[in-house]
Amino acid sequence: MNNADIVISPKWLLSQKNDCLLDDHSIFIEGNIIKDILPNNIASKTYDMENRIILNNHIVLPGLINCYHNSTFIEKYSESHKVLSAQLLITEMIKNGITTFCDDDIFPSYMIDEITKAKLRCCVGLKIYNKKTEWASNEDECLNKSLRIFDDNKNNPDIKFFFNPLSVNDVSEGMFQKISKIANELDIPIRMSINTSKKEIDECIKHNKCRPLDYIEKFDILNNKFTALNTLILNTHDVKLLEKCRSNLVINKMTQLLSAEIIIDELIEKKINVILSTGIIGNYSDSNILDDMAILSLLSNIKKSKLNTNTILKMVTINPALSLGLDQNIGMLAQGYLADIISVNIKNIIQKDSVLYNGIEKYLKSSNIDNLWISGRHILKNYKLLTLEENKMYDRFRKIKELASKDEY
C-alpha cells in the first residue's frame, strides 16, 4: 500500500482540468504537494487511508488567489498598529479562502513578517513614486529601499515581489527605464494602475504625446508579465496593445459598475488574461472573492456561453497564477501542484438542489469555508484559525480604534 501524509475525501472535488465536479474522490498530499487524486473505490485499494479527513457535505476547490489588494495602512498609527493591521488582513484572507494574494501597501516589511508567521503566501508590491511619504522621500529612495527588501527576502519561497509604479504621471522617464531593466534582470513583474481616468490619460498625452499604454511600451514594460490595475478606460487601440503583448488585466465588481469600456467577453476572446480581484479594500470584511464571482456574472450581462462557470473560476485561480508566474505550482487541484485547498460546506444546498458544475459559483459562499490548507499545512480547521489568535487580535484592534477616535493613540 502507498502512503500519504494527509488524505482529504470530499463529496465533490472541483476539476478545472475536466470542467466538472468529481464525485467521491480523494486527494493525497505528501509534504507540500498533491501526490495523487483517485476515485475512492480505487484509492482504498492503493493507499493507506489512515490519515483521512472525510468531508461528506463539501466541495473542495484550489486555494483562491486575490491578485490585487491594497491594505493602505494609516501612516500616523504606530508600528504595533501596522503589525496588527497586517494580521487582521491576513486573517480575513484566510477566512475567505485566499491562499495567495498581492498587496501593495507602502510598508512591505510589516506584511512580510506577518505572512511568514501565518504561513500564507504573498506577492508584495514595491512602491515606486516621486512623492515624499513616511516610506521614502522620492522615487530613488523608493527603489533603493525596495531592492534591499527584495535582497533580504528573495530566498523566502512564500514571498514574491512586483514593482508597483504609482502611475505614468508620478514616476519619471528615467525611473521607468531603471525599473524596466531591473525587472528583466531579476525577473520581477511590473503591475500598476493605468488608464484609471480621463484626467490621467489626458495628462500623459499632454506630457508624453501618447496614451499611457503606448508610453510604458516604449520602456519594454508592456509584456506578458505586466498587469494593469484599476483600469476603467480602454479604447480599441489599448485593447490591441494588451492583446499583442498578452498582458494581464485585473477587474473587480466596481470595474463593472463604473466602466462601460471594459467588455469582459471581448477581452477574453482576444486572449487577454482577465483576473477577478477584490481591489482596493475599505474595510477588512470585503476580501470576498467567492461572492464576487456570482456578482460578476450578474453585473457583466454576458451570455452564460461566453462567461461560463469554468471561465469565472479561472479568473480567481489559474489566470492570476499565470500572471504571477506560478501557474505550474498553484491555481489547480492536480498532481504535482502545491496542496493549496479549501473546503466549502454546502449542506444546506444539498438538501434543496442537486449539485452541478455549471452554475456552481452561485452556491459558493465565503461564510461556508471551514477548512483551508496551504502547501499541505492545515491553516483553518473547522472555521478556527490555527496560526493566529483571532479573538485577541480583534480585541486589541477595537481598543486602538477607540483611542484613535479620541486622538489618544
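Visitor: Which residue does Arg377 form a salt bridge with, and how far apart are the closest N and O atoms?
Guide: Arg377 forms a salt bridge with Asp158, and the closest N and O atoms are 3.8 Å apart. Keep in mind that this is a predicted model.

Visitor: Where do Arg377 and Asp158 sit in the chain?
Guide: In distant parts of it, 219 residues apart. Arg377 belongs to strand β18 (residues 377-381), while Asp158 is in the loop between α4 and β10.

Visitor: How many salt bridges does the structure hold?
Guide: The count is 14 salt bridges.

Visitor: OK, helices now. How do the axes of α4 and α5 cross, and within what distance do they come?
Guide: They cross at roughly 10 degrees and come within 11 Å. Helix α4 covers residues 139-153 and helix α5 covers residues 173-186. Angles under 35 degrees count as roughly parallel, so α4 is roughly parallel to α5.

Visitor: Which residues meet there?
Guide: From α4 you get Glu139, Asp140, Leu143, Leu147 and Phe150. On the α5 side they meet Met175, Lys178, Ile179, Ile182 and Leu186.

Visitor: Switching to pockets: how much space lies in the largest pocket?
Guide: About 730 Å³. Its lining has 31 residues, and Asn319, Leu322, Ser323, Leu324 and Gly325 lie nearest the centre.

Visitor: Which element gives the most to that lining?
Guide: That's α13, with 4 residues. Elements that each supply at least two residues are β10 (159-165), β14 (273-276), α12 (309-314) and α13 (318-323).

Visitor: How does the pocket lining divide by residue type?
Guide: Into 15 nonpolar, 9 polar and 7 charged residues.

Visitor: What about cavities, how many of 30 Å³ or more are there?
Guide: The count comes to 1 cavity of 30 Å³ or more. The volume of the largest cavity is about 90 Å³.

Visitor: Which residues line the largest cavity?
Guide: Among them are Ser180, Ala183 and Asn184, then Asp187, Ile188, Pro189 and Ile190, and also Asp220 and Lys225. By type, the lining splits into 5 nonpolar, 3 polar and 3 charged.

Key
Residues are numbered from 1 along each chain as its sequence is written. This is a predicted model: local features need pLDDT of at least 70, side-chain atom pairs count only at pLDDT 80 or more; totals for chains, interfaces and linings use all residues. Side-chain values use heavy atoms; hydrogens and water are left out. On a 1 Å grid over the protein atoms alone, a cavity is a set of points where a 1.4 Å probe fits but cannot get out, and a pocket is an open set with protein on both sides within 12 Å along at least five of seven lines; lining residues have an atom within 4 Å of a point. Grid points are joined across faces, edges and corners, and a volume is the space filled by probe spheres set on the points. Ala, Val, Leu, Ile, Met, Phe, Trp, Tyr, Cys and Pro count as nonpolar, Asp, Glu, Lys and Arg as charged, and the others, Gly among them, as polar. Axes are lines fitted to C-alpha atoms, for helices over the stretch in contact, and angles run from 0 to 180 degrees between N-to-C directions. Angles under 35 degrees count as roughly parallel, over 145 as roughly antiparallel, 65 to 115 as roughly perpendicular and the rest as oblique. Contact means heavy atoms within 4.5 Å. A salt bridge is a side-chain nitrogen of Lys or Arg within 4 Å of a carboxyl oxygen of Asp or Glu.
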